[in-house]
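Open the model in your viewer and keep the selection tool ready. Each stop below names what to pick next and what is there.

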Amino acid sequence: MHGPRKGAGLRLHQNGRIMTTTHSQSAPAPGKVYLVGAGPGAADLITVRGARLLAEADVVLHDALVEPEMLALCPQAKLVAVGKRCGKHSSAQHFINKQLIDHARTHRRVVRLKGGDPMLFGRADEELRALEGAGIEVEVVPGITAALAGAAALGRSLTLRGVARSVAFATQSRAPESAEIAAQASADSLVYYMGRDAAQRIAGELIDAGKPAGTPVAIVEAATTPRERRALLSLQALRDGAASSWFDAAQPSVLLIGDVFAGANAQRISRCTAQVAREAA
Ligand SMILES: C[S@@+](CC[C@H](N)C(=O)[O-])C[C@H]1O[C@@H](n2cnc3c(N)ncnc32)[C@H](O)[C@@H]1O
């Protein structure tokens, strides 16, 4: 908690006169909130600025995807878990917004630590608007997003001269419009966040929208953490369910789709168990 601030008195212009007040007469000003990108997982993949802010924070409100090693960077701070994971414990977004505002009113430096980059699929905008609406100063500190960490793990560039000149970061957690699918299919390299449960549907819709069935698909799970796994298959195999038993539902994963992933550094998956059984029958 911070009370009246130290230092010289505030100078206020009132009726043309300059008045000097002491801080003990004024209400404590709200603290500042930093929306900090934690990066994809590894504690040393946060930015230098992000790590400094963590080390100086009074309170850190963090996501479920933030690794415990990263929280060791702020031993002095009060930690508040506000994670939202599909199908797991979740704090409603409005409650997170309220917690941010309440903490900023009682603490000087509040860090909102969000996985990857705070501005990608992280509902940062709702937090920004809520804080701005409450008159609280906010600063955004970018982070390495999962798509970039995934491509690095695969040793493949998302752009490649003569092969890939456009990249899309997408999600399809809800049934998409066909125009949306067509736009996504037209990107040379395509990365789906939160796509595990809809992976077969996504693959089918991309093929129906004109993406060649043989297009390579890489899956990177828990990128940059000790639990990282990588798989490589075709869009057709993904559609057929070949990756369904490969996924670990407890880990986050991205689907990276495009010709640049051919031959990527990953475990090959060719056909799903059900298909093998059908062929053997
Ligand atoms: C709510 S989104 C947040 C994305 C985050 N803001 C970012 O920039 O990476 C969560 C999704 O990001 C992806 N993700 C996050 N961390 C990941 C990791 N280490 N490896 C693979 N995918 C990850 C998964 O698709 C996960 O379901």
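**The ligand shell**

Which element gives the largest share of the shell around it? Select H5: 3 residues of the shell come from this helix, the largest share. Before going on, note that this is a predicted model: local features need pLDDT of at least 70, side-chain atom pairs count only at pLDDT 80 or more, and totals for chains, interfaces and linings use all residues. Residues are numbered from 1 along each chain as its sequence is written.

Now select the whole shell. It holds 24 residues, and the closest to the ligand are Gly 116, Thr 145, Ala 146, Ala 223 and Pro 252. Colour the shell by type: 13 residues are nonpolar, 8 polar and 3 charged. Here Ala, Val, Leu, Ile, Met, Phe, Trp, Tyr, Cys and Pro count as nonpolar, Asp, Glu, Lys and Arg as charged, and the others, Gly among them, as polar.

Helix H5 (146-154), strand S10 (216-221) and strand S12 (253-257) each supply at least two shell residues. Helices (H or I, at least four residues) and strands (E, at least two) are DSSP runs, numbered from the N terminus. Colour by domain next. Domain 1 (32-141) and domain 2 (146-268) each give the shell at least three residues. These bounds come from an automatic or database domain assignment.

**The whole protein**

Zoom out. The protein has 9 helices and 13 strands. Of its 281 residues, 39% count as buried. Buried means 20 or more other C-beta atoms within 10 Å of the residue's own, exposed means 12 or fewer, and partly exposed is in between, with C-beta atoms placed from the backbone. Among contacts with a separation of 6 or more, 69% join residues 24 or more positions apart. Two residues are in contact if their C-beta atoms, placed from the backbone, lie within 7 Å.

**The nonpolar core**

Select Ala 218 and Leu 256. Of the 69 residues in the largest nonpolar core, these two touch the most other members. H5 gives the most to this core, with 7 residues. Both domain 1 (32-141) and domain 2 (146-268) contribute residues, so the core lies between them. A nonpolar core is a set of buried Ala, Val, Leu, Ile, Met, Phe, Trp, Tyr and Cys residues joined through C-beta atoms within 7 Å.

Stay on Ala 218. Not counting residues up to four places away in sequence, Ala 218 touches Leu 154, Arg 230, Ala 231, Leu 232, Leu 256, Phe 261, Ala 264 and Ala 266.

Step across to Ala 231, in strand S11. Ala 231 is buried, with 21 other C-beta atoms within 10 Å. Beyond four places in sequence, its contacts include Ala 218, Trp 246 and Ile 269.

**Ala 147**

Return to helix H5 and pick Ala 147. Is this residue buried or exposed? Ala 147 counts as buried, with 27 C-beta neighbours inside 10 Å. Leaving aside neighbours within four places in sequence, Ala 147 is in contact with Phe 169, Val 191 and Val 254. Pro 40 is 107 residues from Ala 147 in sequence and 8.9 Å away, C-alpha to C-alpha.

**Helix H1**

Select residues 48-56, helix H1; Gly 50, Leu 53 and Leu 54 are buried there. Look down the axis of H1: the buried residues fall within an arc of 105°, so they line one face of the helix. The arc is that of the directions from the helix axis to the C-beta atoms. These residues pack against strand S3 (32-37), strand S4 (59-62), strand S6 (109-114) and strand S7 (138-141).

**Two positive phi angles**

Most residues other than glycine have a negative phi. Go to Met 194, whose phi is near 50°. Met 194 sits in the loop between strand S9 (189-193) and helix H7 (199-208). Met 194 is partly exposed, with 17 other C-beta atoms within 10 Å.

Then pick Ala 222, with a positive phi of about 50°. Its loop runs between S10 and strand S11 (229-234). Ala 222 counts as buried, with 21 C-beta neighbours inside 10 Å.

**Last stop: Gln 93**

Finish at Gln 93 in helix H3 (residues 93-106). Gln 93 is partly exposed, with 14 other C-beta atoms within 10 Å. Gln 93 touches Arg 123 and Glu 126, not counting residues up to four places away in sequence.

Methods. A residue is near a molecule or strand if its C-beta atom, placed from the backbone, lies within 6 Å of it.
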